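Dear colleague,

I am handing over the structure we spoke about, together with some notes on what was found in it. Please look through it once before reading on, and keep it open beside the text.

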Amino acid sequence: MSRPGRPSRFWETFAVVIVKPLSRLLVKKDWRHGERIPRQGGVIIAANHLSWTDPVLLSHFLYNNGRWPTILAKAGLFRVPFLGTAVRALQAIPVDRGSAEAIKSLQISEKRLAKGAAILFYPEGTVTRDPKLWPMTGKTGAARLALESGATVIPVAHWGAQELLPYGEKKPRLFPRKTFRVSVGPPVDLSKYDGQPVRGPVLRDATADIMAAITVQLAELRGEKAPETPWEAK
């Protein structure tokens, strides 16, 4: 039977049996506005990036809210014995960062969106380098994918993963148990770009709109005012 945007039942069950108990063990949850995630159809989930634990914790959140997350993963993972088989079977999309092949990940993503997938996208391209952990200026891949495919962009912010495994560290800080907070925003309105050429200025402005929507949700989670200008990686 067809399973649009999802892996086989075997691999889905395999991942769920591992990820859900692991997530519950590692963190408490504070999940908000999960009802804003469309339950059907191709959608881009655009999130901030704080820790290498993000994909596992966010995948649990998205799965519990009715969507199987299609993750963009480093191409090198696909070449690791067994792990490569698993990420491929789980419908992850390989990304060759910094190469001419990187555009292929967007082409694959667009085809998956047409089949109803939920693409988990980190527009920053890497874990934020902002000293206070606010979202950085985003790269244009998510905006390009949205404008060329017509897919809805749902902004998702999270907070707490960086306490479990700070960037650059290999050993998680398990105690005391951390809280993983998630907030989902309304769809990003990109209608003002309809009919405009999908090039530099349009892509940059659309990207800024997506990152601003994520930042609004993060400010709500943190109970703080976000900086007026996002930090830009050098």
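A residue is called buried here when its relative accessible area is under 20%, exposed when that area is over 50%, and partly exposed in between. By that rule Arg 222, with a relative accessible area of 15%, is buried because its value is under 20%. Please bear in mind throughout that this is a predicted model.

5 of the 5 residues of S2 are buried, so the strand is largely enclosed by the rest of the structure. Both faces of S2 are covered, with Val 43, Ile 45 and Ala 47 buried on one side and Ile 44 and Ala 46 buried on the other. S2 runs parallel to S5, to which 4 bridges join it, and S2 also runs parallel to S6, with 5 bridges between them. On the S5 side, Ile 44 stands opposite Ile 119, and Ala 46 stands opposite Phe 121. On the S6 side, Ile 44 has Val 153 as its bridge partner.

Helices around the sheet

In helix H5 (residues 141-149), the buried residues are Gly 141, Ala 142, Ala 143, Leu 145 and Ala 146. H5 is followed by Gly 150, which has a positive phi, near 80°.

Salt bridges

Side chains of opposite charge can pair when their charged atoms come close. The count of salt bridges in the model comes to 8, and a few of them are described here.

Glu 148 and Arg 144 lie 4 residues apart, which is about one turn of the helix. Glu 148 is partly exposed, with a relative accessible area of 41%, and Arg 144 is also partly exposed, with a value of 25%.

A second pair is Arg 32 and Asp 30, which form a salt bridge with the closest N and O atoms 2.9 Å apart. Arg 32 has a relative accessible area of 25% and is partly exposed, while Asp 30 is partly exposed at 22%. Asp 30 and Arg 32 are also linked with Arg 181 and Glu 220 in a network of salt bridges.

To return to Arg 222, its side chain meets that of Glu 224 in a salt bridge, at 3.4 Å from N to O. Arg 222 is buried, whereas Glu 224, at 41% relative accessibility, counts as partly exposed.

A nonpolar patch on the surface

Phe 10, Phe 14, Val 17, Ile 18, Leu 22, Leu 25, Val 56 and Phe 82 form a nonpolar patch on the surface, and together they have about 770 Å² of accessible area. Helix H1 (residues 9-26) contributes the largest share of this patch, 6 residues. Phe 14 has its place in helix H1, and this residue is partly exposed, with a relative accessible area of 30%.

A buried loop residue

Finally, Ala 92 lies in the loop between helix H3 (83-89) and S4, and Ala 92 is buried, with a relative accessible area of 13%. Leaving aside residues up to four places away in sequence, Ala 92 touches Ile 71, Ala 73, Phe 78, Val 87 and Arg 112. Ala 92 and Ser 109 are 17 residues apart in sequence, and their C-alpha atoms are 9.7 Å apart in space.

With kind regards

Technical notes
Residues are numbered from 1 along each chain as its sequence is written. This is a predicted model: local features need pLDDT of at least 70, side-chain atom pairs count only at pLDDT 80 or more; totals for chains, interfaces and linings use all residues. Side-chain values use heavy atoms; hydrogens and water are left out. Patches are made of residues with over 30% relative accessible area and no salt bridge: like charges are joined within 9 Å, nonpolar side chains (Val, Leu, Ile, Met, Phe, Trp, Tyr) within 5 Å. Accessible areas come from the Shrake-Rupley method with a 1.4 Å probe; for residues, only the protein chains shown count as cover. A salt bridge is a side-chain nitrogen of Lys or Arg within 4 Å of a carboxyl oxygen of Asp or Glu. Helices (H or I, at least four residues) and strands (E, at least two) are DSSP runs, numbered from the N terminus. Buried means under 20% relative accessible area, exposed over 50%, partly exposed in between (1.4 Å probe, protein chains only). Two strands pair if DSSP finds at least two bridges between them. Contact means heavy atoms within 4.5 Å.
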